[in-house]
Amino acid sequence: SELDETAPPAALDMFIGGQRGYLIEGDDRYNGWFSKTFLQGIAPGWNAALVTRFPEKLTAVIEMDDKVIWFSRDSIFIVFGTGPDNTGANDNYSPPQRLPSEVGCIDRGSVAICERGVVFRSKRGLELLTRALQVEYIGAPVEDTIAAITIHSAVVLPKAHEIRFAAAGSTTVIIWNYLFDSWYTHTEPRTPVHACVQNDKY
């Protein structure tokens, strides 16, 4: 029979993927939760049986292709597969696999996905996890600027091939054009507290 519905815990971070939701438990950041598969018109269902335990405290989560990417401050963990059905059976998720990389994500507001892969902020700056699961340091041109801020939103504008990073307490938005691999800045008239895209406008 189908798993019962249980209230999910308070979340440090959450991502809604193509077929499931994912969250990091706020009170125990070693736990990564995944929801039951989505049914049209029904809110995501959660159950305490649908939890993966990680060896390090998690900081961010996102889905890319057929993989779930779980970050800690110093590592990147990949879970492959599509997971169990809503009875909890037929689970084909792999155990978490740590990538051979020395970086993780220190700023969950910096995480975004574009055509080239997942962008995130590590201890050294902005990084790209490519769809081939290679980590590339992309943030050297804005290294000094990034070092002085906390990123509270990373928003993708697909038509412009841009990711815009907004910083807490600042009117300056840092922009990466991932088509031309170029960096520049934009100044907002007011200090943003968050950001989104609607009708292709920032």
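Is T130 buried or exposed in this structure? T130 is buried, with a relative accessible area of 11%, where buried means under 20%, exposed over 50% and partly exposed in between, using a 1.4 Å probe and protein chains only. What I am presenting is a predicted model, in which local features need pLDDT of at least 70 and side-chain atom pairs count only at pLDDT 80 or more, while totals for chains, interfaces and linings use all residues. Residues are numbered from 1 along each chain as its sequence is written, and side-chain values use heavy atoms, with hydrogens and water left out.

Let me begin with the whole protein. Its secondary structure comes to 1 helix and 16 strands; helices (H or I, at least four residues) and strands (E, at least two) are DSSP runs, numbered from the N terminus. The radius of gyration is 17 Å, which agrees with the value near 17 Å for a compact globule of 202 residues; the radius is taken over C-alpha atoms, and the globule rule is 2.2 Å times the number of residues to the power 0.38. Along the principal axes, the C-alpha atoms fill a box of roughly 55 × 40 × 30 Å. Of the 202 residues, 47% are buried. Among contacts with a separation of 6 or more, 41% are between residues 24 or more positions apart, a contact being heavy atoms within 4.5 Å.

β13 pairs with β14 (residues 162–167) over 6 bridges, and L157 stands opposite E162 in β14. β15 and β16 are joined by 6 bridges, with I175 opposite Y184 in β16. Their hairpin also has 4 residues between the strands, and D181 in the turn has a positive phi of about 55 degrees. In β15 (residues 172–177), 5 of the 6 residues are buried, so this strand is largely enclosed by the rest of the structure.

S110 lies in the loop between β8 (97–98) and β9 (112–114), and counts as buried at 0% relative accessibility. Not counting residues up to four places away in sequence, S110 touches C105, V119, F120, R121, I151, A154 and F165. The C-alpha atoms of S110 and H152 are 6.7 Å apart, although 42 residues separate them along the chain.

By contrast, D27, in the loop between β2 (21–25) and β3 (31–34), counts as exposed at 77% relative accessibility.

Finally, I return to T130, which belongs to strand β11 (residues 125–130). With residues up to four places away in sequence left out, T130 touches M64, R116, G117 and E136.

Methods:
Two strands pair if DSSP finds at least two bridges between them.
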